[in-house]
Amino acid sequence: METEVLQFEAPASTPFPEPRGLTVAGHDLRIFVQSAPLIAAMIDDIRAARSRVWLESYIFYDDAAGRAVAEALKERAHGGLDIRVLYDAVGSLSTSASFFRDMEQAGVQVHAFHTLGEAFRRFAPLRILNRRDHRKLLVIDDQVAYFGGMNLVDQSSTATIEAAERVPTSAGWRDVHVRLTGPQHHELAESFDRSWRRAHGLRTARRPRGYRQGQLHLGEESIQFFDSGPGLKHTRAARVFLRLMKHAKRRLTLSMAYFLPVGGVLRGLVRAHRRGVFVRVVVPGESDVPLVQRASRHLYLKLLRRRFHIYERQTHMLHSKVMVVDDQWSVLGSCNFDARSLWINYEFLAVIHSRGLARLLNEIVRFEIERSQRITLRSCLCRRWWQRLFDRAAWSFRWWL
């Protein structure tokens with residue numbers, strides 16, 4: 001199993017076959033854009049663990065990548081380490097119970113977030129099943145941590161992804177994930193611990209007011225982490241994005257798997273453009289959630305009339321969750337640009353003030369744009385009347401998609 005993952009070779013046309021590294025605010029960061037090199041690095045770090053491995057993922061799939069990670073976790077559990085796995089019950093619905101039971105029998109502490117049984121035991125099926133743990137975190141010892149947009153799925157395999165998420169044949173996903181070592185590692189460990197306690201119904205301390213309001217550090221270089229979710233103990237991802245959009249002076253770049261801004265976030269995006277900020281948006285050309293894509297295409301008309309630049313990535317499914325502001329601020333993590341991620345789901349965001357990282361992310365986005373189709377106002381207006389009718393109908397459900 002490990003061999004299949006570790007021997008992955010990136011397509012020759014990809015300029016990022018290996019992770020790209022840089023230093024930000026005393027931290028070493030490695031940026032991954034493909035799943036196989038990421039899974040290989042995770043497995044190496046898990047096998048080198050000496051005290052703990054804490055893993056949180058929306059999807060933990062039973063494919064070559066998932067099985068390789070599971071085997072590494074079981075191996076370290078046999079060694080007496082503190083091994084925990086928190087996965088989302090809905091996101092990992094395609095994974096058999098026996099897959100997780102095997103890890104438990106090996107000594108791994110496994111917990112499913114917001115199961116159907118829990119929803120009915122607490123007499124709140126709609127509230128519980130609607131709030132998903134969409135985060136992707138891996139914390140190893142007191143040294144290494146991973147965060148970003150990639151689930152534990154072999155995203156280089158079209159057949160695997162189609163089985164796991166019913167995505168289109170353009171799978172072979174493009175995404176962004178980060179490996180971090182440095183002094184703020186403990187903040188990611190704290191974030192996982194809070195998530196673990198919340199999943200088990202244990203109390204967590206309320207965050208400081210500035211944190212909940214999404215206040216930003218305006219120093220030369222900085223990294224801030226935000227737990228996003230409903231309720232008063234979290235910030236809302238919408239607040240973080242809005243603060244950054246208000247700071248924008250020249251350029252806003254968004255590379256988003258699901259681009260469906262609503263309410264104040266949409267108004268903030270339009271206001272930034274009115275101030276003279278150049279806005280470009282890259283989205284999938286063929287989404288794994290067609291209804292979201294239809295709603296987004298209805299929004300295109302409004303944005304294109306304001307001279308936004310919109311691109312649809314062709315051939316590969318774009319799954320990234322990245323925003324770059326003025327070539328110096330970057331947002332990475334699990335949060336999409338839609339109502340579910342911005343206000344409902346539990347998410348994890350990193351806001352990083354670094355020209356070097358912004359430059360690298362812009363380079364990645366340029367690569368996606370080169371393989372994208374530019375959407376024009378004319379092409380939108382040329383869509384068949386019934387397609388535009390469906391788009392408008394999908395838009396009416398934008399707060400629930």
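In what follows, a residue is called exposed when its relative accessible area is over 50%, and buried when that value is under 20%. The structure discussed is a predicted model.

Helix α16, which spans residues 385-395, illustrates both terms. Its buried residues are Gln387, Asp391, Ala394 and Trp395. Because these residues cover an arc of only 100 degrees around the axis, they lie on the same side of α16. Trp385 and Arg392, by contrast, are exposed on the other side of α16. The partners of the buried residues can also be named: they pack against β11 (259-260), α11 (263-274) and α12 (290-304).

The description now turns to the sheet. Eight strands, in the order β9-β17-β15-β14-β10-β12-β13-β18, form an open sheet of 8 strands with mixed pairing. From one strand to the next, the twist averages 15 degrees.

Within this sheet, strand β10 (residues 251-256) and strand β12 (residues 278-284) run parallel and are joined by 5 bridges. Ser255 stands opposite Val282, the latter residue belonging to β12.

A helix also packs on the sheet: α14, comprising residues 355-370. The strands touched by α14 are β10, β12, β13 (309-313), β14 (321-325), β15 (329-333), β17 (347-353) and β18. Relative to the direction of β12, that of α14 makes an angle of about 60 degrees.

Key: Residues are numbered from 1 along each chain as its sequence is written. This is a predicted model: local features need pLDDT of at least 70, side-chain atom pairs count only at pLDDT 80 or more; totals for chains, interfaces and linings use all residues. Side-chain values use heavy atoms; hydrogens and water are left out. Buried means under 20% relative accessible area, exposed over 50%, partly exposed in between (1.4 Å probe, protein chains only). Helices (H or I, at least four residues) and strands (E, at least two) are DSSP runs, numbered from the N terminus. The arc is that of the directions from the helix axis to the C-beta atoms. Contact means heavy atoms within 4.5 Å. Two strands pair if DSSP finds at least two bridges between them. Axes are lines fitted to C-alpha atoms, for helices over the stretch in contact, and angles run from 0 to 180 degrees between N-to-C directions.
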